[in-house]
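I opened my notebook to look up a few spots in this structure, one entry per spot. Here is what I wrote down as I went.

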Amino acid sequence: MTNRVIVFDTTLRDGEQSPGATMNLQEKLRLAKQLEMLGVDVIEAGFPASSNGDFESVKAIASTVKKVQVAALARANQKDIDRAWEAVKDASNPRIHVFIATSPIHMEYKLRKTPEEVLEQVSKWVAYTAQYTKNVEFSAEDASRSDPDFLVKVFSAAIAAGATTINVPDTVGYAQPEEFGSLIRYLIQNTKDSDKAIFSVHCHNDLGLGTANTLSALANGARQAELTLCGIGERAGNSSLEEVVMALRTRKDIYGGIDTGIVSEQLYPSCRLLAHIIGRPISATKPVVGGNAFAHEAGIHQDGMLKNRQTYEILTPESVGRKQTDLVIGKHSGRNAVRTRLEQLGYTLNEDQLNDVFKAVKDLADKKASVYDEDLVALVVSEVYRIPDRYRLINLSVQTAMSGMPATAAVELKVGDDLVRKASFGVGPVDAVFNVISKLVGRTPDLEEFSISSITGGTDAIGEVTVRLKEGRLTAVGRSSNPDVMVASAKAYVDALNRLDHKDQELSHGCSAEN
Ligand code: KIV
Ligand code: ZN
């Protein structure tokens, strides 16, 4: 058995399904390019039958990234499989990932099928998929709560019908590490022709065991791991890519040298990009990539670190791509310096994009003495990877007050081609700004979340604002960064409104599906 573990990244599919992690096409493409640089083997780009938006993103990713396999998810039915193939067929190595549930509870209540009927469906739809491509992955949804002997029958049938990857999901994060490892070993030992397929695992994190279960499965013969950056995904998320990769590298002694092809120096940049795109900062205590992962506060620890870093560090910050933030660009830096630095950070922009970013860098450098790498990345994300705007903030004036007086805000906004302006009050300046904007656009979404953090240090730091809005069934996250937190707040609010508007349009043109 080979020691090489295939990394199947599902940030753009299972990860994107998590509340508030929705990405637009440009953002998905950008992340897909970053995943390619990170060295993942397979990108699961989406679930094409679930919406036209997903279909278009999978199609765009399939024709853009060429060094990795691109997978599309499909339920076990003709419509889903045809749609998945249509979306993914231009990839250099396309994969269709077809799934059906196998646990008693899912078969009885969700599918309303007997185990025999499910088994028949597996053979039928895997064989149908294999007419399109030899790269067929089959998943038994809720496998960890399925009868292991039924799984053996299902997987034997799937391999006989042409599946080349067999995935064992712990769909509800129920499994325990030892139990899950033994299940994988049992399935590999008992499935007919198991050597004709690669066994894979897909672990959810409901009990905080996603990474532990994945590692246990790899130690027991699985050779594909389905992972997401920062562990984003349904409910409590999926097993974290960065954790699994660095656990294998750090404890070669335990895992017998099994390893992935991941370029670990790209782990932090990848997670940071994702955090920017979905507007959710990386938690400080997140293993491997969190802000505190390499911070040492206690005196005893600092003393040990000064004597020998290995006293308290099992990974080096450099090995996961965390370097000191460099001061790179100032007021007098030219276009070429900005282009070169962006390329070093992994952003290759076309001329128009570079113009927009360069202008934003100059504006920022006028207000702020030093432009750091983090500032640059924030500008690229807000200038280049944003959805087409219906609403645009033109001008803003805010006045705060004390002693029971309300704050006031006046805002000038473009709504389509119309320039509109209004003033209003609020209990504080942010409330006043949001009230005016809401009146100007004629929408009254609920504000579910509002957060401000500073990207770099100092009182002239860029403030990064995230706003989450809910309107009916739709939610949208908006974000913006600016040295003036009121401007960042207004822009983030407008960004979220644009995303709600975009989703409205997508819903009126598209369709949606339930798993
Ligand atoms: O969690 C799950 O079971 C899934 C499958 C579609 C693989 O995401
Ligand atoms: Zn899942």
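Before the first entry, a definition I needed: strands are DSSP runs of E at least two residues long, helices are runs of H or I at least four long, and both are numbered from the N terminus. I also reminded myself that this is a predicted model.

**Entry: Ala 71**

I started with Ala 71 and found it in strand 3, which covers residues 69-75. Is Ala 71 buried or exposed? I noted a relative accessible area of 0%, so Ala 71 is buried, the cut-off being under 20%. Setting aside residues up to four places away in sequence, I listed what Ala 71 touches: Phe 8, Val 42, Ile 43, Glu 44, Ala 45, Gly 46, Val 88 and Arg 95. I then checked Lys 359, which is 288 residues from Ala 71 in sequence and, C-alpha to C-alpha, 38 Å from it in space.

**Entry: the zinc ion**

Next I went to ligand 2, the zinc ion, and asked which protein atoms are its donors. I found OD of Asp 14, NE2 of His 202 and NE2 of His 204, at 2.0 to 2.1 Å from the zinc ion. Along the chain, I wrote the spacing of these donors as D-x187-H-x1-H. Asp 14 belongs to helix 1 (residues 11-15), while His 204 sits in the loop between strand 7 (198-203) and helix 9, so this pair ties together parts 190 residues apart in sequence. I marked both Asp 14 and His 204 as buried.

**Entry: helix 9 against helix 10**

I followed the chain on to helix 9 (residues 210-219) and looked at how its axis meets that of helix 10 (residues 241-250). The two axes come within 10 Å and cross at roughly 45 degrees. That angle makes helix 9 oblique to helix 10. I noted the crossing of helix 9 and helix 10 as right-handed. Which residues meet there? From helix 9 I have Thr 211, Thr 214, Leu 215 and Leu 218, and from helix 10 Glu 243, Val 244, Ala 247 and Leu 248. Sorted by class, this contact has five nonpolar residues, two polar and one charged.

**Entry: helix 12 against helix 16**

On the helix 12 side I listed Tyr 268, Arg 272, Leu 273 and His 276; they meet Glu 374, Val 377, Ala 378 and Val 381 of helix 16. By class I have five nonpolar, one polar and two charged residues in the contact of helix 12 with helix 16.

**Entry: Glu 383**

I stayed in helix 16 to look up Glu 383. Its relative accessible area is 23%, so I put Glu 383 down as partly exposed. Apart from neighbours within four places in sequence, Glu 383 is in contact with Asp 356, Val 357 and Ala 360. I also checked Gln 353: it is 30 residues from Glu 383 in sequence, with 7.8 Å between the C-alpha atoms.

**Entry: Gly 279**

Going back to helix 12 (267-278), I looked at the loop between it and helix 13 (299-307), where Gly 279 is found. Gly 279 is buried, because its relative accessible area is 8% and the cut-off is under 20%. Not counting residues up to four places away in sequence, Gly 279 touches Thr 466, Val 477 and Arg 479. From Gly 279 to Ala 197, 82 residues apart along the chain, I noted 38 Å between C-alpha atoms.

**Entry: positive phi values**

Most residues other than glycine have a negative phi, so I looked for exceptions. Arg 112 is not a glycine, yet its phi is positive at about 50 degrees. I placed Arg 112 in the loop between helix 5 (104-111) and helix 6 (115-130), and with a relative accessible area of 66% it is exposed. Asp 193 also has a positive phi, near 60 degrees. I placed Asp 193 in the loop between helix 8 (177-190) and strand 7. Its relative accessibility of 33% means that Asp 193 counts as partly exposed.

Note on methods
Residues numbered from 1 in each chain as written. Chains lettered and ligands numbered in written order. Predicted model: local features only at pLDDT ≥ 70, side-chain atom pairs only at ≥ 80, totals over all residues. Heavy atoms only, no water. Axes fitted to C-alpha atoms, helices over the stretch in contact; angles between N-to-C directions. Parallel < 35°, antiparallel > 145°, perpendicular 65-115°, else oblique. Left-handed = near helix turned anticlockwise from the far one by under 90°. Contact = heavy atoms within 4.5 Å. Nonpolar A, V, L, I, M, F, W, Y, C, P; charged D, E, K, R; others polar. Donors = N, O, S within 2.8 Å, 3.2 Å for Na, K, Ca; no water. Buried < 20%, exposed > 50% of the residue type's maximum accessible area, 1.4 Å probe, protein only.
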